Amino acid sequence: MMPAHSAPMNLTHHFLIAMPGLEDVSFAGSVVYLCEHSERGALGLIINKPTDIKLQGLFEKVDLPLGRPDLSDAPVFLGGPVQTERGFVLHEPMQAQGEQGEESAYASTMVIPGGGLEMPTSKDVLEALATGAGPRRVLVTLGYSAWGEGQLESELAENTWLTVGADLGGIFDTPIDKRYDSALGLLGLQAWQISPGAGHA
């Protein structure tokens, strides 16, 4: 039997909260939602760094109408430093009409265990939004964040990140400028308590 401490860490459907000492420009002050984490590495989207592009503008760039007035002013987020020319959509689950079971309504979708959220890697969801359909709550990013094998674990060992189970309200409902504090609040913390000078007289 394997000792418990050697079990692989799995932070899928967790938030990574950047510690104040993290100076990497891409990640300073960020909250990352982890869509996937295994011994092979991790993949996530930063949920609190809006770009100056609105969803309406992104749709115009890909030659699609946006049939969802409720989303036209929603910001597109910088999801991370990888593939920043590609759009990624995180959304609530949408069952395909008339089908039972766990199948996503969209082709080539990553269904995130534990959270019920989905991240399609196809244009289906954009086409649905173009027609005025699609999921009610979406977060669209350009780019994503990725860690190679063991990389995130070593960053965690260096106290680069705090981790906490993700809260869907923190992704979709919390005002963007409050998402960092809201994620810290899930740990019962406030920003001043983790500042580099905290605890030193």
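Predicted model: local features only at pLDDT ≥ 70, side-chain atom pairs only at ≥ 80, totals over all residues.
User: In which sense do β5 and strand β9 (residues 138-147) pair?
Analyst: Residues are numbered from 1 along each chain as its sequence is written, and side-chain values use heavy atoms, without hydrogens and water. Strands (E, at least two residues) and helices (H or I, at least four) are DSSP runs numbered from the N terminus, and two strands pair if DSSP finds at least two bridges between them. β5 and β9 share two bridges, and the sense is parallel.

User: Which strand does β4 (residues 50-54) join through two bridges?
Analyst: The strands of this pair run antiparallel. One spot to check is Pro50, which stands opposite Phe77. The partner, residues 75-78, is β5.

User: How confident is the predictor, going by the mean pLDDT of the chain?
Analyst: Across the chain, 87% of the residues reach 70 or more. The mean pLDDT is 87.

User: How much space lies in the largest pocket?
Analyst: A pocket is an open set of points on a 1 Å grid over the protein atoms alone, where a 1.4 Å probe fits, with protein on both sides within 12 Å along at least five of seven lines; lining residues have an atom within 4 Å of a point. Here 17 residues do the lining, with Val62, Arg86, Gly87, Lys123 and Leu126 nearest the centre. Counting the space filled by probe spheres set on the points, which are joined across faces, edges and corners, the volume is about 270 Å³.

User: Which element gives the most to the lining of the largest pocket?
Analyst: α1 (55-61), β6 (82-91), α2 (124-130) and β9 each supply at least two residues. The top contributor brings five residues, and that's β6.

User: How much space lies in the second largest pocket?
Analyst: Its lining has 15 residues, and Leu71, Ala74, Val138, Leu139 and Phe172 lie nearest the centre. The space comes to about 200 Å³.

User: And which element gives the most to the lining of the second largest pocket?
Analyst: β5, β9 and α4 (168-172) each supply at least two residues there. With three residues, the one giving the most is β9.

Key. pLDDT = per-residue confidence, 0-100.
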